[in-house]
Amino acid sequence: MTQTNHPIRVVTLTTAERVLCLFTDVRDEENRDRVLGYKMAEPFTLTLGDPDENGNLPVKYSRWCMFSPEREFVLSGTHIIAVSIPEENIVEQYAQQLEQSGIPRDQIFIEVDNGTEGEPAEVSE
């Protein structure tokens, strides 16, 4: 049994910004257990728009740090309040945006072995 995994996360910063990005940790090359910081790639700020006629609040996306040509940023953990997995519709919209920027889905989504039904992944063959 396989499961699709991805590094897409909503990162809440100490500035109260919510950033949708490809999120990974940056580790010490000599001591892989030591985390040096965190990388946000292809970051977008998430905000809520005005309610529509049905009362739904649309999610608005804008490039984070839009005045920089950089597309990857490294932060220390002291700048991060929380990291969470976004709702599936936000993941899909973001993946479409990344595809338009030239990042194919196979570089975003990774299939991982999740064991077989009734068996944890560690004992799966």
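A residue is called buried when its relative accessible area is under 20%, exposed when it is over 50% and partly exposed in between, with a 1.4 Å probe and protein chains only. By that rule Phe 23, at 14% relative accessibility, counts as buried. The structure is a predicted model, in which local features need pLDDT of at least 70 and side-chain atom pairs count only at pLDDT 80 or more, while totals for chains, interfaces and linings use all residues. Residues are numbered from 1 along each chain as its sequence is written, and side-chain values use heavy atoms, with hydrogens and water left out.

The confidence of the predictor in each residue is given as pLDDT, on a scale from 0 to 100; the protein chain averages 86, and 86% of the residues score at least 70. Over residues 118–125 the pLDDT stays under 50, and for this stretch the model has nine contacts beyond four places in sequence, a contact meaning heavy atoms within 4.5 Å.

Helices (H or I, at least four residues) and strands (E, at least two) are taken as DSSP runs and numbered from the N terminus. The protein chain has one helix and eight strands, and along the sequence these follow the pattern β-β-β-β-β-β-β-α-β. Among contacts between residues at least 6 apart in sequence, 53% join residues at least 24 apart. Of the 125 residues in the protein chain, 30% are buried.

The aromatic side chains give a way into the fold. A pair of aromatic rings is described by the distance of the centres and the angle of the planes. Here rings of Phe, Tyr and Trp (its six-membered ring) pair if their centres lie within 6.5 Å, and planes under 30 degrees apart count as stacked, over 60 as edge-to-face and the rest as tilted. The structure holds three such pairs. One of them, formed by Phe 23 and Tyr 38, is stacked, with 5.5 Å from centre to centre and 5 degrees between the planes. This pair links distant parts of the chain, since Phe 23 belongs to strand β3 (residues 18–27) and Tyr 38 to strand β4 (residues 35–48), 15 residues apart. Whereas Phe 23 is buried, Tyr 38 counts as partly exposed because its relative accessibility is 26%. Trp 64 and Phe 73 form an edge-to-face pair, because their ring centres are 5.0 Å apart and their planes stand at 85 degrees. Trp 64 is buried, with a relative accessible area of 13%, and Phe 73 is buried with a relative accessible area of 13%.

Two residues draw attention through their backbone. Most residues other than glycine have a negative phi. Ala 16, however, has a positive phi near 75 degrees, and its place is in the loop between β2 (8–13) and β3; with a relative accessible area of 53%, Ala 16 is exposed. Glu 42 also has a positive phi, of about 50 degrees, although it is not a glycine. Glu 42 lies in strand β4, and at 8% relative accessibility it counts as buried.

Tyr 61, in strand β5 (residues 59–63), is partly exposed, with a relative accessible area of 30%.
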